[in-house]
Amino acid sequence: MSVYLIRRILYTFPILLGVCLIIFVIFNVTAGDPTLVLLGKHATQEHVQQLRSQLGLDRSLTLQYLDIVKSCFTMNFGRSWSTKQEISSMIVAGMRPSLSYTLPAFFLSIAMSIFLSLVVAYFRGRLIDRLSAVLVVAMMSISALAYILFFQWFLAYKLGWFEISGFESGFPDFIPYIILPTLIYIILSIGPNLRFFRTVILDEVYQDYVRTARSKGVGEIAVMIKHVFKNALIPIMTYVIIQIPFLILGGLLIESFFGIPGLGGMILAAINSNDFPVIKAMTILSAMAYILFSLITDILYMVVDPRVKLK
Amino acid sequence: MPSTSAVAREVVEYYKENFINHPVGTGPFLLPEYKQTNKITYTRNPKYRKRFYPSEASEEFIKAGFLKDAGRPIPMVDKIVVTILEESQPRWLNFVKGNFDFVRLEKDNFDMVVNRDNLQLREEFSSKSLQLQSLVELDVTYMGFNHDLELFKNKKLRQAMSLAFDPKEQSKLFYNDFGVPAQSIVPPTIDGSIKDYKNPFVGRDLEKAKALLAEAGYPEGKGLPTITLDTSSGTDHRQIAEHFANKMKDIGIQVLVRQNTWPELQNKVRSQNFMMFSMAWGGDYPDAENFLQLLYSKNRSPGPNSTGYSNPLYDRLYETILVMNDSPERTAIYEKMYRIAAEEVPMIYGQHRRYFYASQSWLKNYLQNDNPFGVEVYWDVDLAKKNQTSK
């Protein structure tokens with residue numbers, strides 16, 4: 001396994017270099033010179049030159065590319081153009097608010113989806129299964145924006161059950177502010193989760209080993225949990241783990257509408273203000289997290305299914 | 001005036017580029033919480049020098065009750081919380097719920113709140129004792145010509161294009177029908193703009209536009225190259241530019257809209273690498289000079305004269321006013337420059353944007369103005385009224 005791990009880690013380098021190249025082309029080559037934007041309306045030629053040199057834009061393109069590669073290893077992404085803060089500290093500060101609602105929402109949504117998918121798979125082909133399919137499609141057809149707008153207006157404003165927006169740091173002060181975002185996150189993710197989990201569970205339901213278990217007199221509920229669910233775990237795990245990096249990133253729309261100072265809102269603000277260093281940093285981090293969690297998924301395959309050998 | 005705020009030299013030297021996150025000053029408020037993209041909290045500075053609410057005001061302000069707090073020490077509130085919310089819905093809902101003291105009304109909920117016929121709050125909101133104010137901003141939107149190009153040295157062509165444009169329709173489509181069509185470069189709220197002045201080349205007049213186009217040497221647009229209009233990215237910017245292009249089509253001028261990222265547009269404009277561009281100028285301070293400088297030839301790019309317009313008479317007048325104090329003589333020169341900027345059509349003027357603000361009845365001494373820096377010290381909250389209204 002260690003050979004496999006080393007090989008996988010080595011594979012990540014060319015991927016990272018490629019990601020850096022794409023980011024470099026987008027932000028350093030095609031996006032244009034940002035100095036005039038940064039200097040505002042009263043820029044002079046002298047100021048432009050000074051800032052270009054300060055930002056390293058007067059250096060060769062190769063050196064600028066290497067700067068991006070270097071930032072992947074040092075985690076030093078420089079400072080935000082709009083807030084002037086260290087981007088790494090902004091990211092650390094933004095992770096907690098994002099995770100405060102995405103983490104509970106994620107676990108609740110996964111637990112509920114697994115339970116419901118086992119139920120509908122158990123009642124496959126019957127009314128409850130068909131109804132759930134219709135409901136899931138209906139839920140997925142409505143855009144995230146519609147859910148946010150409606151729930152914020154109806155549940156928070158009209159009924160006054162939740163805070164309309166805002167966030168307080170520190171436990172338990174933040175709790176009233178995350179209930180509605182958590183609820184919306186669950187509603188948004190439960191549809192696709194349920195659809196996917198039901199499909200993989202049904203794939204297993206008709207396998208020979210399930211028939212064998214039944215013929216041995218194992219009860220249907222035990223078959224579903226001990227045999228079917230266990231074997232469906234590999235695709236479910238892949239699906240679930242790969243979502244984890246995106247929890248840290250938070251929800252762009254949810255954070256923007258609820259005023260949560262997380263990474264999702266930070267990305268949106270960076271996009272709105274052309275804050276390229278922040279956008280660049282978040283793109284690099286997302287790519288790195290994706291690579292890392294893909295590796296974790298592979299390792300976990302072995303834990304879940306001992307037949308899997310990582311060579 | 002933010003463009004000339006004093007900052008402590010030691011703070012800049014110590015924090016360097018991060019000094020913006022460590023403000024040090026002698027102002028009326030401290031800044032215990034400063035999350036630039038989310039929430040800013042100000043609390044009263046206990047060491048602030050003794051200052052008092054003004055005791056004199058014009059008749060208009062006295063009548064409006066702005067002198068009720070005359071002589072009281074300022075600032076009057078202990079704490080101000082600025083909540084930064086990107087989206088308009090939560091801003092508005094929080095305001096109506098009483099969580100916010102004032103908000104700017106957005107296009108999305110304007111008609112729900114304000115009756116367009118009389119520009120008053122609708123019954124549902126006026127019964128809650130909300131208040132409404134409107135303000136013509138200290139800005140001007142425009143489409144700039146590149147005056148380095150021989151094509152746009154042709155004044156009649158510029159005038160024809162201006163007359164083919166429809167600023168009223170632009171206001172209706174993009175500014176909630178409350179934009180004030182600009183007659184020249186200076187906003188109507190400051191000295192230097194001429195009251196009730198009507199620019200003969202602003203406002204759609206297709207016949208006159210066509211005649212001027214023919215006089216310019218391009219009858220029905222024949223012989224004119226396709227004009228490229230560079231604008232910023234974003235739906236609104238594209239739609240505004242396309243609206244302009246459609247209007248030009250009516251007199252036979254082909255305009256090609258090209259969208260750019262904001263840095264790209266800035267670079268094109270500053271390097272004079274465009275035919276026309278769409279932009280706005282927001283005032284840095286409430287003086288006509290701040291707008292008139294946009295046409296002074298020695299301010300050409302990367303200075304604020306992005307069009308490269310040059311007019312020796314205008315330049316002489318500008319140099320004259322630079323060394324003058326505020327006086328009727330200076331205002332008279334401002335007005336002369338205002339007329340030149342109008343009739344020479346160095347750019348096609350769009351709007352002075354106008355916004356509406358709603359405030360809670362308990363917020364005292366709140367008045368939107370076009371230079372709203374430092375007014376927070378006069379605000380006060382009538383807590384009894386707030387508690388009563390909230391019930």
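Buried area is the accessible area (1.4 Å probe) that two parts lose on being put together, summed over both. In this predicted model, chain A and chain B bury about 3,000 Å² between them, with 52% of it on carbon and sulfur atoms. Two open sheets of chain B are also described below, one in the order β1-β2-β5 and one in the order β6-β17-β9.

Residues are numbered from 1 along each chain as its sequence is written, and chains are lettered from A in the order in which they are written. Local features need pLDDT of at least 70, side-chain atom pairs count only at pLDDT 80 or more, totals for chains, interfaces and linings use all residues, and side-chain values use heavy atoms, with hydrogens and water left out.

**Interface of chains A and B**

- The contact (heavy atoms within 4.5 Å) takes 40 residues from chain A and 35 residues from chain B.
- Across this interface there are 2 salt bridges (a side-chain nitrogen of Lys or Arg within 4 Å of a carboxyl oxygen of Asp or Glu).
- B:Glu17 forms a salt bridge with A:Arg79, and their closest N and O atoms are 3.5 Å apart.
- On the side of chain A that touches chain B, at least two residues each come from α2 (35–39), α7 (144–158), α12 (252–258) and α13 (263–272) of chain A.
- The largest share of that side, 6 residues, comes from α7(A).

**Sheet β1-β2-β5 of chain B**

- Helices (H or I, at least four residues) and strands (E, at least two) are DSSP runs, numbered from the N terminus.
- This open sheet has 3 strands with antiparallel pairing; two strands pair if DSSP finds at least two bridges between them.
- β1 (29–35) and β5 (79–83) of chain B each have a single partner strand, so one side of each is left without a neighbour in the sheet.
- Strand β2 (residues 39–44) of chain B is joined to β5(B) by 5 bridges, and B:Tyr42 has B:Ile80 in β5(B) as its bridge partner.

**Sheet β6-β17-β9 of chain B**

- The pairing in this open sheet of 3 strands is antiparallel.
- Its edge strands, β6 (102–104) and β9 (131–136) of chain B, each pair on one side only.
- β9(B) pairs with strand β17 (residues 354–359) of chain B over 6 bridges, and the bridge partner of B:Leu135 in β17(B) is B:Tyr355.
- Helix α3 (residues 88–96) of chain B packs on this sheet and touches β6 and β17 of chain B.

Note on methods:
Axes are lines fitted to C-alpha atoms, for helices over the stretch in contact, and angles run from 0 to 180 degrees between N-to-C directions.
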